[in-house]
Amino acid sequence: MNDTRPAIIYLDAVLTPNASLSPRGYAIVTGLIKAGIAFSALMMVLALFSLFNRNAFPISLPVFGFFGLDIAALWVALRHIRKQGAQETRIRITADCVSLAHRDGNGAERLAELPTAFARVELDEPVGPASWLRIEHGQTAYIIGRFLTPRERKTLADKLRTALLNAKAERYPI
């Protein structure tokens, strides 16, 4: 007999890091910092011109170069932060399997499916910044929610354990 009932989803969670800035806010902050750096460079060049009686053009070139390096370093740092914020982990628990899908900031995706019967949730106690939330299967462990606070990890671990117990109870009734 073929059972065509849809699978019950016990947990469907998407984990993303907290974004400190929206894309518009990011553009505003970087624009303000770039404007501040450009203003500082202009003031430095004007000071050099007044100090050296308009023969300061060769002396002022390194000023623009170093302020340009500041802008480049800022761009690299903020780009790295935005990529870290673009990561996403999706956890779906059904009676058959635990599905994990992780997309990093570059867009690369890793997928894993674990049988619900053998999956377990582990969280190092006492919960602190160095305790990782893991979904384990055999000798393989998948660390999830690295960006979560310890309290959020504890709450998620409790929800994952409850969902796993419910999924196992459906598949293997006592």
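**Entry 1: the largest pocket**

I started with the lining of the largest pocket, where β7 supplies the largest share, four residues. The model I am reading is a predicted one, in which local features need pLDDT of at least 70, side-chain atom pairs count only at pLDDT 80 or more, and totals for chains, interfaces and linings use all residues. I keep the numbering from 1 along each chain as its sequence is written, and side-chain values use heavy atoms, with hydrogens and water left out.

The volume of this pocket is about 320 Å³. Its lining has 15 residues, and I noted His102, Arg110, Tyr142, Ile143 and Ile144 as the closest to the centre. By class I read nine nonpolar, four polar and two charged residues.

For my own reference, these are the terms. A pocket is an open set of points on a 1 Å grid over the protein atoms alone, where a 1.4 Å probe fits, with protein on both sides within 12 Å along at least five of seven lines; lining residues have an atom within 4 Å of a point. Grid points are joined across faces, edges and corners, and the volume is the space filled by probe spheres set on the points. Ala, Val, Leu, Ile, Met, Phe, Trp, Tyr, Cys and Pro count as nonpolar, Asp, Glu, Lys and Arg as charged, and the others, Gly among them, as polar. Helices (H or I, at least four residues) and strands (E, at least two) are DSSP runs, numbered from the N terminus.

**Entry 2: the second largest pocket**

Next I looked up the second largest pocket, which holds about 240 Å³ of space. Its lining includes Asn18, Leu21, Pro23, Tyr26, Leu78, Arg82 and Ala86. Here the elements giving two or more residues are α1 (23-51) and α2 (57-85), and α2 gives the most, with four residues. I count the classes as seven nonpolar, four polar and one charged.

**Entry 3: the whole chain**

I then stepped back to the protein chain, which has three helices and seven strands. From the N terminus on, I read the order as β-α-α-β-β-β-β-β-β-α. Of its 174 residues, 29% are buried; buried means under 20% relative accessible area, exposed over 50%, and partly exposed in between (1.4 Å probe, protein chains only).

The chain exposes about 11,800 Å², and carbon and sulfur atoms supply 61% of that. These areas come from the Shrake-Rupley method with a 1.4 Å probe, and for residues only the protein chains shown count as cover. Of the contacts (heavy atoms within 4.5 Å) between residues at least 6 apart in sequence, 48% join residues at least 24 apart.

**Entry 4: Glu136 and Arg134**

Which side chain makes a polar contact with that of Glu136? I found Arg134, at 2.8 Å. A polar contact is a pair of N or O atoms within 3.5 Å; within protein, one must be able to donate a hydrogen and the other to accept it, and residues adjacent in sequence count only if both atoms are side-chain atoms.

Glu136 counts as buried because its relative accessible area is 12%, and Arg134 counts as buried because its value is 16%.

Setting aside residues up to four places away in sequence, Glu136 touches Phe118, Ala119, Arg120, Glu122 and Ala141. On the same terms, the contacts of Arg134 include Arg120, Glu122, Asp124, Ala141 and Tyr142. I also noted that Arg134 and Ile144 are 10 residues apart along the chain, with their C-alpha atoms separated by 6.0 Å.

**Entry 5: Gly145**

Is Gly145 buried or exposed? I log Gly145 as buried because its relative accessible area is 3%. Gly145 lies in the loop between β7 and α3 (150-171). Beyond its neighbours within four places in sequence, Gly145 is in contact with Leu15 and Arg153. Leu133 is 12 residues from Gly145 in sequence and 6.8 Å from it in space, C-alpha to C-alpha.

Ser99 is in strand β3. Not counting residues up to four places away in sequence, Ser99 touches Arg90, Ile91, Arg92, Ala112 and Glu113. Between Ser99 and Thr116, 17 residues apart in sequence, I read 9.4 Å from C-alpha to C-alpha.

Last, I checked the bond joining Glu125 and Pro126, which is a cis peptide bond with omega about -5°. Pro126 lies in the loop between β5 (119-123) and β6.
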